[in-house]
Amino acid sequence: MTPIETQTERWSREAIAELYDLPFTELVFRAAEVHRANHPANQVQRSTLLSIKTGGCPEDCGYCNQAAGAETGLKATKLMDVRAVMQAAAEAKDNGSTRFCMGAAWRNPKDRDMPAIVEMVKGVRQMGMETCMTLGMLTPAQAGQLAEAGLDYYNHNIDTSPEHYAKVITTRTFEDRLDTLDAVRAAGINVCSGGIVGLGEARSDRVGFIHALANLPTPPESVPVNALVPVKGTPLGDMLADTPMAKIDDIEFVRTVAVARITMPASMVRLSAGRESMSEATQALCFLAGANSIFTGDKLLTTGNAGDDADGALFAKLGLTAMAAEAPRHPGLEPGSRCLSPAEESGTPDQVRGDEVVGHAR
């Protein structure tokens, strides 16, 4: 079932393509207007991402060095001890992160893993940080366990457009991704879902990627936008490493951030993987275009990242401030309840219609 079969389409592909085709400065200006109408200007959330179980994943995602079939030399590990995760979370908080994300290289968690996962969520929440997990596909029962533990967000990226998806992953379908997002939403957990640009896709696929996210029954509260980091030994890393497609054009990347901001006004738009290779100017344009969250620290799961010191220096240079921690998003919500978006919590309409701002939502 496609995202738009369940409701009236908010944004057509044609309207999204029109946004992409705008003159660059016009697009960024419109995105900045939408951003300031829905979020504090010049505030960026700092998040930390920890790999709590690395490598050995049976999926064949073409970009991922944690896939069991990838020849990257990455050593598979077992699930981390809860105490070690708590120590990493405390260090992240000390370094200014307000959100702690935990990722495990699984197709899906086993029921035997859930007690430790639940303890991790509870422990990080007790520190006053937002919690996020990415564990692969979930059953409704597992989503319910995470909701009862107080998980704020569940990350499950759609990666790319429905049409391009099978060229990247064959071990699960685009619809499998949507089923997990449905289970997460039904459990009352906020959705974090985005994808990767630079997978060898065409602009039409970037249009399709944004279209699928913006037309989910409730758009994601958090939208990570990643630039592919080609890793030698992965199918896409080997295929794209020596081609012009190995690095997404900076202007096209900023366009994608801007279009995501316009079509999903109330969402947090996060600069994720690939940021360590971006210039300060490119990152500044992304912030201007509506990105308001980053992963900080020296590592994103298993790949390099800019680091806390570099991010602090960049924030100072750009006059950005770190976003303060928010209250838990859904204390006491019963499974099946829908979490409030930032816009709803402030009394503004959820996902303010983009056509009221820029005239392109059809």
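Which residues are exposed on the other side of H3? Hold on to that one for a moment, and hi everyone. What we have here is a predicted model.

Let's start with the helix itself. Helix H3 covers residues 82-94.

Now, which residues of H3 are buried? They are Val 85, Met 86, Ala 88, Ala 89 and Ala 92. Around the axis they take up an arc of only 160°, so they sit on the same side of H3. Here is a handy thing to remember: an α-helix has 3.6 residues a turn, so residues three or four places apart point the same way.

Back to my opening question. On the other side of H3, the exposed residues are Arg 83, Gln 87 and Asp 94.

And what lies over the buried residues? The cover includes strand S1 (43-53), strand S2 (99-104) and helix H4 (114-126).

The N-terminal end of H3 is capped by Asp 81, with a side-chain oxygen 2.9 Å from the backbone nitrogen of Arg 83. After H3 comes Gly 96, which has a positive phi, near 105°.

One last stop, elsewhere in the chain. His 164 is in the loop between strand S4 (153-155) and helix H6 (174-186). Is His 164 buried or exposed? With a relative accessible area of 6%, His 164 is buried. If we leave aside neighbours within four places in sequence, His 164 is in contact with Leu 199, Gly 200, Glu 201 and Asp 205.

Definitions and conventions. Residues numbered from 1 in each chain as written. Predicted model: local features only at pLDDT ≥ 70, side-chain atom pairs only at ≥ 80, totals over all residues. Heavy atoms only, no water. Helix = DSSP H or I, 4+ residues; strand = E, 2+ residues; numbered from the N terminus. Expected span 1.5 Å × (residues − 1). Buried < 20%, exposed > 50% of the residue type's maximum accessible area, 1.4 Å probe, protein only. Arc of directions from axis to C-beta. Contact = heavy atoms within 4.5 Å. Polar contact = N/O pair within 3.5 Å; in protein donor to acceptor, adjacent residues only side chain to side chain.
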